[in-house]
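Q: Hey, I'm new to this one. Walk me through it, please.

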Amino acid sequence: MATTRDIILDAYIVSGIKGLAQDVEGEELAFGLKQLTKIIQDLNTQNLWSYSYVELTGNLTGGQDTYTIGPTGDIVGARPFEITSFAVVSNKNYTPLSVLGNKDFFNLRRTEDLQGMPYVFRYQQDYPNGTIQVHPSPSEGYQYKIQAQMLVTEFGINDVVELPAGYVGYLEYALAD
């Protein structure tokens, strides 16, 4: 796994701008990160950028069954393309929730006062924030763990970049070019 710093340093070496023993700091790193972000956003525009798997943790709120997830949501971050798993943690035990489509979710026998530990969820890719609904409403603030596919197009200088094979090498050579 490479960090963005590693990708930028390798690109400087490949391009001949820096040697193996030379340090890259400050403005050079900032410029490299800016250029790397442009390359990633260009790949995204062409539908060539890969989704990343991201794990999110937090707490559900007792009595609340609907949560937004995205840049301005209840769960702040990138808006997921898909939620691949959702688990509720109780007494250090993980209980995976089953995912339901819209039709099946709304056909559940739902009542306003039904509460407990959620056992199903649905995810709607609204914009700018997605919407997660759980059923039944949690009776307490259970901890959750979500694994989601997200389109991450901006990284910090020391962020670990987990990508499919070939992407890191392409980014290094595209940045060196």
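A: Quick term first: helices (H or I, at least four residues) and strands (E, at least two) are DSSP runs, numbered from the N terminus. It's a predicted model, with local features needing pLDDT of at least 70, side-chain atom pairs 80 or more, and totals for chains, interfaces and linings using all residues. Numbering starts from 1 along each chain as its sequence is written, and side-chain values use heavy atoms, leaving out hydrogens and water.

Q: OK, at what angle do α1 and α4 pack?

A: About 50 degrees, with the axes 8 Å apart (lines fitted to C-alpha atoms over the stretch in contact, angles running from 0 to 180 degrees between N-to-C directions). α1 covers residues 4-15 and α4 covers 167-176. That angle makes α1 oblique to α4, meaning not under 35 degrees (roughly parallel), over 145 (roughly antiparallel) or 65 to 115 (roughly perpendicular).

Q: Which residues in α1 meet α4?

A: From α1 you've got I7, I8, D10, A11, V14 and S15. Across from them in α4 sit V168, L171, E172, Y173, L175 and A176. Contact here means heavy atoms within 4.5 Å.

Q: New topic: which residues does the cis bond with omega about 5 degrees join?

A: Y127 and P128. P128 is in the loop between β9 (120-124) and β10 (130-135). The H135 to P136 bond is cis as well, omega near -5 degrees, and P136 lies in the loop between β10 and β11 (137-138).

Q: And what's the phi of N47?

A: Positive, about 55 degrees, though N47 isn't a glycine. You'll find N47 in the loop between α2 (26-45) and β2 (52-59).
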